[in-house]
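Biologist: Can we go through the charged pairs in this one? Start with what you count as a pair.

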Amino acid sequence: MIIPALDLLGGKIVRLKQGDYSRTTYFDADPVKKILDAANQGAQLIHIVDLEGARDPMKRQRALIAQLVRSSPLPIETGGGIRSDFDIENLLSLGVARVVVGSAAVSSPELVRGWLRRFGAEHFVLALDVNLKDGLPFVATHGWMKDSGITLDSVLKGFLPYGIKHILVTDISRDGMMQGANCELYGHLSKRYPSLDIIASGGISSLDDIRAVAKAGATSAVAGRALLEGRFSVEEAVACWPNA
């Protein structure tokens, strides 16, 4: 399915290029209105990135997220700087459907496995951002600033026995660049992990890009900047996804 994404910084919708806060573009749009428009056009889920929380978990935009959950007819998944049991409990108590966990999955895997057991794997998305080196995807952490030295396959194998279902994989080199997604990467993942919900993220700029990631084997695709810039509508994206 198509998952519209909103990145929020200071309560505003923004987009970063390759995770760089110094390369921020602000969009004059209301988050609630964007969510309602997406719902009316056939979206089934909304992806929210709390960039304040990603930079400093103590500054998580909880009030805004609570407002969005109350206003949205669609389930919301959100993350950014998820580090503690409190972060999970708080977001789930606000009504968030899925908590998106990134760096902690690599830096504190036992902690995250405990969350999967305690809260249920269905309430989590592993967001794994990768850099390719000699064709192998290595996971980056801490807002893409650190290279973990661990391959994507190694991370996934560590969580499969704990029931993880949803993974959101971003090729950092493609994110925010509007140059197409890494279909080869998603094709590899779909063949190697057929049981996983593989969510493609990064570089989607056209309806052809959406068709390509679906053909490659991704089960969902996140669309952010392209929707905000009006390159295509949610309705058009949903219509071109297989079995829409």
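Modeller: A salt bridge is a side-chain nitrogen of Lys or Arg within 4 Å of a carboxyl oxygen of Asp or Glu. This is a predicted model, where local features need pLDDT of at least 70 and side-chain atom pairs count only at pLDDT 80 or more, while totals for chains, interfaces and linings use all residues. Residues are numbered from 1 along each chain as its sequence is written, and side-chain values use heavy atoms, with hydrogens and water left out.

Biologist: How many salt bridges does the structure hold?

Modeller: There are 13.

Biologist: What does Glu77 form a salt bridge with?

Modeller: With Arg98; the closest N and O atoms are 3.1 Å apart. Glu77 sits in strand S5 (residues 76-79) and Arg98 in strand S6 (residues 98-101), so the pair ties together parts 21 residues apart in sequence. Helices (H or I, at least four residues) and strands (E, at least two) are DSSP runs, numbered from the N terminus.

Biologist: Is Glu77 buried or exposed?

Modeller: Buried, at 0% relative accessible area. Arg98 is also buried, at 12%. Buried means under 20% relative accessible area, exposed over 50%, partly exposed in between (1.4 Å probe, protein chains only).

Biologist: Other topic, helices. Which side chain meets Arg118 in a salt bridge?

Modeller: Asp85, at 3.0 Å from N to O. Arg118 is in helix H6 (residues 109-119) and Asp85 in helix H4 (residues 85-94), 33 residues apart. Arg118 is partly exposed at 49%, and Asp85 is partly exposed at 31%.

Biologist: And Glu229, what is its partner?

Modeller: Arg231, with the closest N and O atoms 3.1 Å apart. Glu229 is partly exposed at 37%, as is Arg231 at 47%. Elsewhere, salt bridges with shared partners join Arg60, Arg62 and Asp87 into one network.
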